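Please look over the sequence and the model below before reading on. The paragraphs that follow start at the ligand and then turn to the domains and to a sheet.

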Amino acid sequence: MKAQPTASHFVNGRYVEDTAGTPMDVIYPATGEVIAQLHEATPAIIEEAIIAAKAAQKEWAKYSGTERGRILRRTADIMRERNHDLSVLETYDTGKPYQETSVADATSGADALEFFGGLAASLTGEHIQLSGGDWAYTVREPLGLCVGIGAWNYPTQIACWKGAPALACGNAVIFKPSETTPLCALKVAEILIEAGLPAGLYNVVQGMGAVGGALVTDPRVEKVSLTGSVPTGKKVYAAAAADMKHATMELGGKSPMVVFDDANIEDAVSGAILGNFYSSGQVCSNGTRVFVQKGIKEAFLKRLTERLSTAIIGDPMDEATNFGPMVSENQLNIVLGYVEKGQAEGARLVCGGTRIEQPGSWITPAVFADVTDDMAIAREEIFGPVMSVLDFDTEEEVVARANDTEFGLAAGVYTSDLTRAHRMAAGFEAGTCFINSYNDAPVEVPFGGVKASGIGRENSKAAIEHYSQLKSVYVRMGETEAPF
Ligand SMILES: NC(=O)C1=CN([C@@H]2O[C@H](COP(=O)(O)OP(=O)(O)OC[C@H]3O[C@@H](n4cnc5c(N)ncnc54)[C@H](O)[C@@H]3O)[C@@H](O)[C@H]2O)C=CC1
């Protein structure tokens with residue numbers, strides 16, 4: 001098999017297998033071939049991971065930030081050196097074109113390791129002067145054992161976006177990748193050990209939702225960070241709350257992208273393509289509701305369809321390919337179902353949306369025009385290459401319509417009017433806004449959603465708040481006074 005790892009799990013610094021676990025086939029989405037076979041984690045594997053992580057974390061917490069950071073930065077360097085191999089594996093795991101995986105997956109993971117590695121030494125508390133010479137200080141302490149649960153669209157990135165801040169703060173991690181894309185997190189775990197991370201601090205256990213559920217409900221786990229859909233997020237957040245665990249939820253969206261008459265059409269079309277068709281549309285923050293002001297609607301659609309006709313759909317390993325298959329047959333069928341639904345609801349299919357008849361899970365990028373707010377394709381997260389174009393007249397109207405959704409992950413605006421751009425950003429109910437751009441996610445900037453799209457933030461200094469807690473220590477310099 002093309003991508004068979006040494007074993008299914010990585011626990012306590014080494015690969016481990018337990019063939020008693022349910023077999024899991026890993027399928028290359030571009031051809032439908034089985035490229036690896038793993039086993040789901042058994043309760044024995046989960047137990048081994050928890051025991052190893054708890055023991056290792058106690059020692060890791062005693063390391064200085066400088067020492068922790070050095071290991072993370074070394075890991076980032078190794079990941080960059082091996083970017084080609086890691087990107088090929090990511091392409092096998094997800095089907096995303098190598099043209100994308102070579103610049104947006106292991107490299108983004110390395111950015112997180114480097115950023116949080118650099119921050120580790122500066123994670124200090126503060127000194128607070130009080131009256132009468134008394135004073136207090138705060139200590140930033142790790143949470144303990146953090147569980148990360150991943151989605152299938154950015155497996156390496158998610159494994160690092162959760163692992164890097166957790167480790168920088170002195171925590172241990174157990175990561176459960178998506179069952180659809182289990183391969184790359186194992187490589188991250190292996191490279192962390194090679195870079196000098198003590199055994200037991202970053203473990204990878206495979207499995208379906210039930211394995212995630214077993215981790216989330218274990219009383220020895222202090223924090224849960226999920227990247228996934230809103231329905232899963234609601235379950236995992238509720239399970240974490242039952243034990244008062246810390247939680248970060250990076251969930252789905254149905255984000256608006258607003259294009260005003262005065263926008264640079266070429267840039268707006270680029271933003272709409274990036275925000276709908278990169279990774280075959282499998283990006284949580286995608287701007288799938290494209291509101292176009294009526295005056296430029298036809299010009300926008302014309303240029304969009306022209307540009308879409310130049311997409312290179314084909315072998316994901318070919319560096320020229322810029323549009324790959326859906327991650328799985330299951331996801332393809334969900335997307336095809338929405339294309340059918342959109343047509344049945346009366347939207348106009350401008351182009352694409354047809355299954356490409358060849359092995360693997362392929363579809364052409366779809367654009368719907370004349371979409372109205374009540375249609376399922378405008379309300380529900382599709383998580384595939386289906387763009388809905390909606391018309392609007394005024395700024396006031398479009399802000400209200402853009403916000404009329406349970407989600408609040410991202411929002412974008414294309415306009416050449418500077419003050420309007422900032423008014424729009426202020427009016428959007430979204431965790432991340434883009435002005436004349438779409439889907440940037442550099443590690444320096446907080447990322448996360450509002451409303452049903454989640455709680456907490458990943459990346460940036462903001463993530464530190466979600467992987468550490470403050471202890472306050474009061475120091476009295478005089479006598480202790482009591483009422484009697
Ligand atoms: N906001 C963000 O940063 C991102 C959000 N996403 C969202 O992820 C979704 C697509 O990914 P999927 O893997 O289909 O999501 P999903 O919600 O089906 O699964 C996510 C993960 O949760 C696990 N899981 C399922 N049930 C569980 C349970 N009861 N307890 C614990 N773990 C459980 C799954 O095994 C998987 O590892 C989309 O909604 C997308 O928007 C994807 C990428 C980034």
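**The ligand, the domains and a sheet**

Three elements, α8 (209–216), β10 (223–227) and α9 (230–242), each contribute at least two residues to the shell around the ligand, where helices (H or I, at least four residues) and strands (E, at least two) are DSSP runs numbered from the N terminus. The structure is a predicted model, in which local features need pLDDT of at least 70 and side-chain atom pairs count only at pLDDT 80 or more, while totals for chains, interfaces and linings use all residues. Residues are numbered from 1 along each chain as its sequence is written.

Of the elements in the shell around the ligand, α8 gives the most, with four residues. In total, 30 residues surround the ligand, and the closest are G209, G212, G228, G252 and C284; a residue is near a molecule if its C-beta atom, placed from the backbone, lies within 6 Å of it.

The chain is divided into domain 1 (9–252 + 453–471) and domain 2 (256–435), with bounds that come from an automatic or database domain assignment. Because both domain 1 and domain 2 give residues to the shell around the ligand, the ligand lies between them. The C-alpha centres of domain 1 and domain 2 lie 31 Å apart. Their contact takes 18 residues from domain 1 and 25 residues from domain 2, two residues being in contact if their C-beta atoms, placed from the backbone, lie within 7 Å. On the side of domain 1 that touches domain 2, α3 (83–94) and α4 (98–104) each supply at least two residues, and the largest share, three residues, comes from α4. The residues of this side of domain 1 divide into six nonpolar, ten polar and two charged.

Elsewhere in the description, three strands form an open sheet in the order β5-β6-β20, with antiparallel pairing; two strands pair if DSSP finds at least two bridges between them. Since β5 (127–129) and β20 (468–475) stand at the edges, each with a single partner strand, one side of each is left without a neighbour in the sheet. Strand β6 (residues 135–142) is joined to β20 by eight bridges, and the two run antiparallel. Within this pairing, W135 has V475 in β20 as its bridge partner.

Methods. Ala, Val, Leu, Ile, Met, Phe, Trp, Tyr, Cys and Pro count as nonpolar, Asp, Glu, Lys and Arg as charged, and the others, Gly among them, as polar.
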